Amino acid sequence: MNENDSHENGKPQPEAPKPTRFIRIKPFSLIMLIFFLVLATATVTFVALTVGDEKVVEVVKPNQVGTERKEFKKLYEAYDQLKESYFDDVDDQVVIDGAINGMVDSLGDPYSDYLNEKEAKQLNESISSSFEGIGAEIQESNGYISIVSPIKNSPAEKAGLLPNDTILSVDGESIQGMSSSEAVLLIRGEKGSTVTLSVRRGEKSDPFDVKIVRDVIPINTVYAEMLDDHIAHINITSFSEHTYEELLEALNEMTDQGMEGVLIDVRQNPGGILSGAIDISDLFVPDGKILFQTEEKGKTPEAYPSSDGQKVTVPVALIVDEGSASASEILAGALKESAGIPIVGVKTFGKGTVQTPTQLPDGSNLKLTTAKWLTPDGNWIHKKGIEPDVKVPYPPYASLPFLDSSEEMNEGLVSPSVQAAEEMLEAVGYDPGEVDGLYDTNTAEAVKTLQKDLSQEPTGILTGDTTVGLMQKLRDKMKEDDPQLLKAKEVVLKEINS
């Protein structure tokens, strides 16, 4: 239909619409108009909400949330006063790290700690990979740093460090009052470098120096050997990310060699990650029985039952000592209370808490005790330890102090070190005469006999390689005689033959 046809219909037609008028605004002017409208609206809203008769909400800038917390008012005032009045420049990061350390230290918990970025990196290395140092687990207690346990085959173990040894200084620098993470920074170092520790063994004994050459601390945590009578001896030195897999390999290897019983050895094992303790405990505890429990603040204990997975079916004994701590004690509690497996040795360390590390945005780490852990029967062994079913103490010579090979002992010398040397000589079969701390003719003759056995010149002077050789003979005797291992083997054999 065209325009002429519409008029022929005789119907009235609507009037043509009036043309629309537009206000022409340049783009820049439009943007500025919108900006001022938004700004005006925001200003009116802010005034209405914050100073009007009826406030709807209190406005707080996000970066000022901390200043609104009254409990931090004194902290901010002290910080401002420090920045304003201290005579020298103030490193803000050092001050902040110190404040966090102070808060954590005030808990009085030696296992909670704040680690700066460098310290946090070292923590991760010690759990998941090899690292360079002396190889010893340490803890802070009452302002002192003590050895929890040296790692098997580490420089610390070879140097003769023992659980409960107190480290007084590192390379002449006192570490009293330091946190464990601060002490670690001084003790660790590059492979091949030497560190000198001043150590006290026992509350009343005199300190002695131990020179240790740092090395790479291996990541292997499981060592297996087949003893006679088809009894396997499996030593677990710590609980790391790969310990469970290492243990499975060791068990398979020992099974292929005809294993009829197994001795699980966690002596001098300071612990490690919780998951490792759970997985390993599960191998020995029947399906559905409790492995351990955790109790967080304000909550009822949560029990962790064993699974129906792979199990060790041959007779087992667990060997522990005062260096068995944390995850080692979780294993000991599970085997003792839920599997009826005999525990042999001496009372364990007594660490019944769980730590959870939280990484902060700058890479630092806040490691806090977040829970207690309890044995399957609900016992909290913290600061108490786990008593063995069969108590077998170490022989007295096992706790003799370390002898400094740089010290020279000869006739006429009287000292505690001489007495320790006499006790070592006597323990390994050399007669030093009366053990009285006096280096007399009998002592010198005993040393000459030792030197002949070591293919050394028989000078009768105890120093250098002779001292090292004496301590090595003592270690060999401890390994050969090992009364705890022998007793554990006896216990397993009795079960096999019953």
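Biologist: What share of the accessible surface of the protein chain belongs to carbon and sulfur atoms?

Modeller: The model is predicted, and its values are computed from that model. The accessible surface of the protein chain comes to about 28,300 Å². Of this surface, the share of carbon and sulfur atoms is 52%.

Biologist: Over which residues does pLDDT stay under 50 with one contact beyond four places in sequence?

Modeller: For the protein chain the mean pLDDT is 85, and 84% of the residues reach 70 or more. pLDDT stays under 50 over residues 44-67, but there the model has 13 contacts beyond four places in sequence. The stretch with one such contact, also under 50, is residues 1-23.

Biologist: Which residues touch the most other members of the largest nonpolar core?

Modeller: Buried residues make up 40% of the 498 residues in the protein chain. In soluble globular proteins, nonpolar side chains tend to be buried together. The largest nonpolar core here has 41 residues, and those touching the most other members are Leu161 and Leu197.

Biologist: Which element supplies the largest share of this core?

Modeller: Both strands and helices contribute: β4 (144-150), β7 (194-200) and α13 (464-481) are among the elements that each supply at least two residues. The largest share is six residues, and it comes from α11.

Biologist: How many residues are in the other core?

Modeller: This other core lies apart from the largest one, and its residues include Met259, Val312, Leu318 and Val354. Its count of residues is 39.

Terms used:
Residues numbered from 1 in each chain as written. Predicted model: local features only at pLDDT ≥ 70, side-chain atom pairs only at ≥ 80, totals over all residues. Heavy atoms only, no water. Core = buried A, V, L, I, M, F, W, Y, C linked by side-chain atoms within 4.5 Å. Buried < 20%, exposed > 50% of the residue type's maximum accessible area, 1.4 Å probe, protein only. Helix = DSSP H or I, 4+ residues; strand = E, 2+ residues; numbered from the N terminus. Areas by Shrake-Rupley, 256 points an atom, 1.4 Å probe, with all protein chains shown as cover. pLDDT = per-residue confidence, 0-100. Contact = heavy atoms within 4.5 Å.
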